[in-house]
Structure formats: C-alpha cells, structure tokens
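Please keep the model open while you read.

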Amino acid sequence: MFQNSKDRMIAISDGVFAVVLTIMVLDIKAPNGDISAFEVHRLLTQLFAYLISFGVVAQYWILHQELFATLKTPTIKIMVGNIYFLCPICLVPFATTWLNNSFISPESAVSFAFLMFIVDTAQWFCFHIVVVQNLKDGQKLAAHDIEELRSVKVMVAISLVYIVCSLIIPKYLLVVIGIGILSRVMITRGIRLYLNWRN
C-alpha cells in the first residue's frame, strides 16, 4: 500500500540545497557610507567565505545527483540516511556566518572544519547504503560508480586535513578548503579521462 517515493526524496533534497545556497548570500552586508580599509577587509572576507561555502555545498549537490541517478528502490534506510545527510548541510550557512562575524576565529574555523567532516561522513554513509541497495537490485558497479565511491571516501580523509588545519592555522582554513575542492575536481577529472582513454 505505502511506497517510498524517489521523486519526493530528490525534490526535498533539491529544495534544501537551493535554500542553503541562496540564504548564504544574505549574510553579506553591503558597506555603509564611506568605505574604510576595515569595511573593504570585512567585505572581502565575507565574499571569500561565501564563495568557498557555495563551492562546498554545490559539490555536495553534484555528488548527490550522481548518488541517486541509478537508484531503483528507495528504501526507508536510504531515505533516513538522506535526511541525516541534509541536516548538517543546513548548518553550513550558520557556520559561514560565524566565520564571517569572527573574522575566522580559531573556534569558528574548528567548527566549520568539523562540520565538513560530519557532512562528508554522512555523504559516505549514503553512498554506501545506496551501493548496497543497487547491488541487491541486481545492478553492477560501473567504473564511474567505483570512482565516485572512492571520491567520497577521499573527501572524508580531506576533511580530517581541514580539522588539523583549523587547529594549526585557522586563518587559512578557507584557502585550504578551496585547494581541497580544486584538487578533488582535478583528480576526479583526471581519473575520468584516464578511464575513458583506457576504454
């Protein structure tokens, strides 16, 4: 009688991502009156934090689409796992605001890095349960699927680097995260080019 709906799961997920990506920009305050050196520094810090946070969330959204593209049976375990993945995603605007308001204090940097670890771990769990379900449904893992699963495991490891960075050099956390995103994209692209060349 009752069936879990993949379409509704994806719809609420896309809605959450859309809201998170949109509300982060609302925290950027336009300068009032004369622009002092302090105002310029504050604005640049806010813009940089926004761009990095936007890139982080956009990366999760892209991987989220990859995750559910071939899913046939949306079990209750998968739906609950997806909700628990979306929960920490919703905290990214809060963590970004804290970074902005504190000018990337050690406490806000550690909190942001730890949040990335939680999201990455939840994402890996979602990938794991979807892969298990796809295998139960008789699907075989393609090279692309294996590469994506490897990618989310690497993201968990990279998020541990973010935590270490936030403890040692908190002011440079956003730079390290930016490098981490760029590295992941370049490595993924390199692996895909290699797999296409090999086939």
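Contact, or touching, means heavy atoms within 4.5 Å. With that in hand, Glu148 touches Leu63, Glu66, Phe127, Arg184 and Arg192, not counting residues up to four places away in sequence. This is a predicted model, in which local features need pLDDT of at least 70 and side-chain atom pairs count only at pLDDT 80 or more, while totals for chains, interfaces and linings use all residues. Residues are numbered from 1 along each chain as its sequence is written, and side-chain values use heavy atoms, with hydrogens and water left out.

**The largest pocket**

- A pocket is an open set of points on a 1 Å grid over the protein atoms alone, where a 1.4 Å probe fits and protein lies on both sides within 12 Å along at least five of seven lines; its lining residues have an atom within 4 Å of a point.
- Helix 7 gives the largest share of the lining, seven residues.
- Six of the lining residues are nonpolar, three polar and five charged, where Ala, Val, Leu, Ile, Met, Phe, Trp, Tyr, Cys and Pro count as nonpolar, Asp, Glu, Lys and Arg as charged, and the others, Gly among them, as polar.

**The second largest pocket**

- The volume of the second largest pocket is about 200 Å³.
- Of the 15 residues that line the second largest pocket, Glu66, Leu67, Thr70, Asn134 and Asp145 lie nearest its centre.
- Helix 2, helix 5 (106-136) and helix 6 (143-168) each bring at least two residues to this lining.
- Seven nonpolar, four polar and four charged residues make up the lining of the second largest pocket.

- Glu148 sits in helix 6 and counts as buried because its relative accessibility is 4%; buried means under 20% relative accessible area (1.4 Å probe, protein chains only).
- Gly81 belongs to helix 3 (residues 76-89), and its 6% relative accessibility is why Gly81 also counts as buried.
- Not counting residues up to four places away in sequence, Gly81 touches Phe125, Cys126 and Ile129.
- Gly81 and Val25 are 56 residues apart along the chain, and their C-alpha atoms are separated by 28 Å.

Notes. Helices (H or I, at least four residues) and strands (E, at least two) are DSSP runs, numbered from the N terminus. Grid points are joined across faces, edges and corners, and a volume is the space filled by probe spheres set on the points. Buried means under 20% relative accessible area, exposed over 50%, partly exposed in between (1.4 Å probe, protein chains only).
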